[in-house]
Amino acid sequence: MNVDPVITRVAGRLDVRIFADRAASGAAAARAAAAALRAALATRGEARVVFAAAPSQREMLAGLRAAEGVDWSRVVAFHMDEYIGLPVDAPQRFGRFLHDELWDAVRPGAVHVIDPGDDPEAESARYAELLGRGPIDLVCLGIGDNGHLAFNDPPVADFADPLAVKVVELDDACRRQQVSDGCFAALADVPERAITLTVPALMAGRTLVATVPGPNKKAALAAALDGPIAESCPASILRTHPDCTLFADLEAYQ
């Protein structure tokens with residue numbers, strides 16, 4: 001059953017839809033993402049999509065698992081970041097998260113996973129080449145507690161980044177979020193480096209669907225919607241995208 005948003009507004013070019021609770025916002029985001037996939041499949045014959053991996057995305061991913069009319073065999077799936085230094089079988093790896101939450105259920109035609117291995121710089125170049133083989137039809141993303149997009153934290157975010165994928169140092173606010181999200185037991189357990197798609201690579205997606213639930217997102221969401229468009233809040237750049245819709249709940253917005 002579809003539920004209408006309780007607040008709608010526009011921030012720059014960004015459509016903002018606020019729902020009463022997390023379940024409703026996630027379900028609405030899933031409907032928007034599924035519509036974008038169906039449109040790409042109808043017009044291009046395939047859909048290339050980048051997914052965020054975070055607890056904030058679970059309701060949206062659940063909705064995508066149940067979406068009708070998506071021929072996943074013609075979907076090429078990517079993800080937007082990965083820790084450096086975790087074992088291949090670590091449950092915190094983002095590729096593992098997306099297999100568990102979506103990919104193993106829907107079976108995309110191709111799945112490209114970031115594997116930092118022993119040479120993260122070489123892996124960044126390999127992944128950038130894969131991304132560059134065609135347009136990205138859809139990016140399903142979130143906003144970090146510090147306003148980051150993927151692992152583009154404020155200290156390393158570059159709105160004019162010449163790279164599509166790069167190695168970054170994670171700032172302490174980002175690493176603390178991984179603990180508060182329940183992904184790691186202690187700050188010392190959180191890796192200090194990661195591979196991430198850059199801001200321009202994310203913004204190159206034809207359609208962006210942002211899912212931002214929960215009270216921990218309140219400050220970042222306010223800055224993204226109403227603060228300056230600046231790398232101090234990387235998510236503020238979403239206000240410049242021609243086809244981006246943000247789905248949040250009242251806990252994140254008020």
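Colleague: Which residue does valine 10 stand opposite in S2?
Modeller: Valine 10 faces aspartate 15 there. Keep in mind that this is a predicted model. The strands involved are S1, residues 7-11, and S2, residues 14-19, which run antiparallel and are joined by five bridges.

Colleague: How many residues sit between the strands in that hairpin of S1 and S2?
Modeller: Two residues lie between them, and glycine 12 in this hairpin takes a positive phi near 65°.

Colleague: What sheet do S1 and S2 belong to, and what's the strand order?
Modeller: They're in an open sheet of eight strands with mixed pairing, ordered S1-S2-S11-S10-S7-S3-S4-S6. S1 and strand S6 (110-111) are at the edges with a single partner strand each, so one side of each has no neighbour in the sheet.

Colleague: How do S10 and S11 pair, parallel or antiparallel?
Modeller: Parallel. Strand S10 (residues 207-212) and strand S11 (residues 244-249) pair that way over five bridges. As an example, valine 209 has threonine 245 in S11 as its bridge partner.

Colleague: Which strands does helix H1 lie across?
Modeller: H1, residues 22-44, lies across S2, S3, strand S7 (138-141), S10 and S11, and it runs at about 160° to S11. Helix H7 (residues 218-226) lies across S1, S2, S10 and S11, at about 50° to S1.

Colleague: Switching topic: what's the order in the open sheet of three strands?
Modeller: That order is S5-S9-S8, with antiparallel pairing. Strand S5 (81-83) and strand S8 (165-169) are its edge strands, each pairing on one side only. On average, neighbouring strands there are turned by 20° against each other, ignoring direction.

Colleague: And how many bridges join S5 to S9?
Modeller: Three, with S9 covering residues 193-197. In one of the pairings, tyrosine 83 has alanine 194 in S9 as its bridge partner.

Colleague: Which helix lies across S8 and S9?
Modeller: That's H4, residues 120-131, running at about 140° to S8. At 1.5 Å a residue, its 12 residues should span 16 Å, and the end C-alpha atoms are 16 Å apart, which agrees.

Colleague: Which residues of H4 are buried?
Modeller: Pro120, Glu123, Ser124, Tyr127, Leu130 and Leu131. Looking down the axis of H4, the buried residues fall within an arc of 125°, so they line one face of the helix. Their cover includes strand S3 (47-51), strand S4 (75-79), S8 and S9.

Colleague: What about H2 and H3, at what angle do their axes cross?
Modeller: Roughly 10°. The axes of H2 (residues 58-66) and H3 (residues 94-106) come within 9 Å. H2 and H3 are therefore roughly parallel to each other. On the H2 side, Arg58, Leu61, Leu64 and Arg65 meet H3 residues including Phe97, Leu98 and Leu102.

Colleague: One last thing, what's the phi of arginine 107?
Modeller: It's near 55°, a positive value in a residue other than glycine. Most residues other than glycine have a negative phi. Arginine 107 is in the loop between H3 and S6.

Colleague: And is arginine 107 buried or exposed?
Modeller: Exposed, with a relative accessible area of 59%. Alanine 150, in the loop between S7 and S8, also has a positive phi, near 50°. Alanine 150 counts as buried, at 7% relative accessibility.

How values were computed. Residues numbered from 1 in each chain as written. Predicted model: local features only at pLDDT ≥ 70, side-chain atom pairs only at ≥ 80, totals over all residues. Heavy atoms only, no water. Pairing = 2+ DSSP bridges. Helix = DSSP H or I, 4+ residues; strand = E, 2+ residues; numbered from the N terminus. Axes fitted to C-alpha atoms, helices over the stretch in contact; angles between N-to-C directions. Contact = heavy atoms within 4.5 Å. Expected span 1.5 Å × (residues − 1). Buried < 20%, exposed > 50% of the residue type's maximum accessible area, 1.4 Å probe, protein only. Arc of directions from axis to C-beta. Parallel < 35°, antiparallel > 145°, perpendicular 65-115°, else oblique.
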